[in-house]
Amino acid sequence: MERIEHHASFNGWQDVYQHESATLGCTMKVGVYLPPQAQHEKVPVLYWLSGLTCTEQNFITKSSAQRYASEHGIIVVAPDTSPRGEGVADDPAYDLGQGAGFYVNATQQPWSKHYRMYDYIVEELPALIEANFPVTDARGISGHSMGGHGALVVALRNPARYRSVSAFSPIVAPTQVPWGQKAFAAYLGDDQQAWDQYDTVKLVRGARERLPLLVDQGLNDEFRESQLRPELLRETCQEAGHPLTLNLRPGHDHSYYFIASFIGDHIAHHAAALRR
């Protein structure tokens with residue numbers, strides 16, 4: 001991993017690294033916040049997955065997460081949202097292609113050559129972090145919108161790998177909303193069983209382990225009714241007996257103003273589980 005940015009922040013360091021990804025077949029960038037505690041001990045890791053159109057920069061520059069990560073002694077890892085570069089398939093629309101990886105392993109051409117974000121997040125990225133930074137084996141995962149979808153799916157499919165999971169404004173039922181239907185049709189084809197592997201609501205119904213879910217949703221979010229559908233997650237968790245804390249926040253929208261308002265609560269939630 002090559003460090004390409006290095007900024008002092010809350011007695012720690014906000015860095016950006018780049019590396020050649022064997023999984024994605026391209027160069028990837030990753031934001032890594034190192035709290036002051038990492039200078040003399042191993043610390044837990046929180047992975048953050050961003051949403052549509054984002055890069056590794058959005059979260060590290062807009063969320064104010066460094067303050068809370070410093071207080072709790074947690075490394076925060078924020079990768080890019082998709083493979084990028086010349087030769088990587090793309091689409092003119094904002095909700096498909098580069099910047100819109102949806103954290104799936106694509107099976108359809110031309111996407112399948114590079115778009116394997118699920119494997120990258122679950123396998124390759126943690127292996128790199130654990131080989132290069134002073135981390136314990138305690139992992140949490142969180143994200144926003146498309147990244148909230150990714151965080152919930154990754155945690156539900158791999159509960160033994162994560163001690164905590166949370167999401168802001170996640171796409172909880174992508175098989176039932178336009179964003180997910182468009183992306184899944186392109187990346188996964190017509191195989192509905194493949195779609196179901198990346199749908200939080202359907203994964204909750206079949207979950208054998210009960211990893212508690214923390215979700216914050218703004219009530220003024222312009223995508224809430226058409227794309228996010230938090231009520232479907234609430235109903236499914238109630239039916240399945242799956243622990244869910246769903247905070248509906250009056251006045252808040254889909255922006256990073258919303259994330260910055262409550263990221264401290266989420267990092268405290270993860271810290272309690274990661275340091276238990």
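Is Asp 137 buried or exposed in this predicted model? Asp 137 is exposed, with a relative accessible area of 57%. The legends below take up the overall fold and then its charged pairs.

**View 1. Overall fold of the predicted model.**
The protein has 10 helices and 9 strands. Its radius of gyration is 17 Å, close to the 19 Å that the globule rule gives for 276 residues, so the protein is as compact as a globular protein of that length. The C-alpha trace spans about 50 × 45 × 35 Å along its principal axes. Of the 276 residues, 58% count as buried. Contacts between residues at least 6 apart in sequence were also examined: 71% of them join residues at least 24 apart.

**View 2. Surface and charge.**
The accessible surface comes to about 11000 Å². Carbon and sulfur atoms account for 46% of that surface. The protein carries 23 positive and 31 negative side chains. The centres of these two sets lie 5 Å apart. Side chains of opposite charge can pair when their charged atoms come close. The structure holds 12 salt bridges. The remaining views show examples.

**View 3. The salt bridge between Arg 163 and Asp 137.**
The two side chains meet at 3.7 Å, N to O. This pair links distant parts of the chain, 26 residues apart. Arg 163 sits in the loop between α4 (146-157) and β7 (164-168). Asp 137 belongs to strand β6 (residues 135-143). Arg 163 counts as partly exposed, at 37% relative accessibility. Asp 137 counts as exposed because its relative accessible area, 57%, is over the 50% cut-off.

**View 4. The salt bridge between Asp 119 and Arg 116.**
The closest N and O atoms of this pair are 3.0 Å apart. Asp 119 is partly exposed, at 23% relative accessibility. Arg 116 is partly exposed too, with a relative accessible area of 28%.

**View 5. The salt bridge between Glu 231 and Arg 229.**
Here the closest N and O atoms lie 2.8 Å apart. Glu 231 has 24% relative accessibility and counts as partly exposed. Arg 229, at 22%, also counts as partly exposed.

**View 6. A network of salt bridges.**
Which residues make up this network of salt bridges? Asp 216, Arg 249 and Asp 265 are linked in it.

Definitions and conventions. Residues numbered from 1 in each chain as written. Predicted model: local features only at pLDDT ≥ 70, side-chain atom pairs only at ≥ 80, totals over all residues. Heavy atoms only, no water. Helix = DSSP H or I, 4+ residues; strand = E, 2+ residues; numbered from the N terminus. Rg over C-alpha atoms; globule rule 2.2 N^0.38 Å. Buried < 20%, exposed > 50% of the residue type's maximum accessible area, 1.4 Å probe, protein only. Contact = heavy atoms within 4.5 Å. Areas by Shrake-Rupley, 256 points an atom, 1.4 Å probe, with all protein chains shown as cover. Lys, Arg positive; Asp, Glu negative; His and termini not counted. Charge placed at Lys NZ, Arg CZ, Asp CG, Glu CD. Salt bridge = Lys/Arg side-chain N within 4 Å of Asp/Glu carboxyl O.
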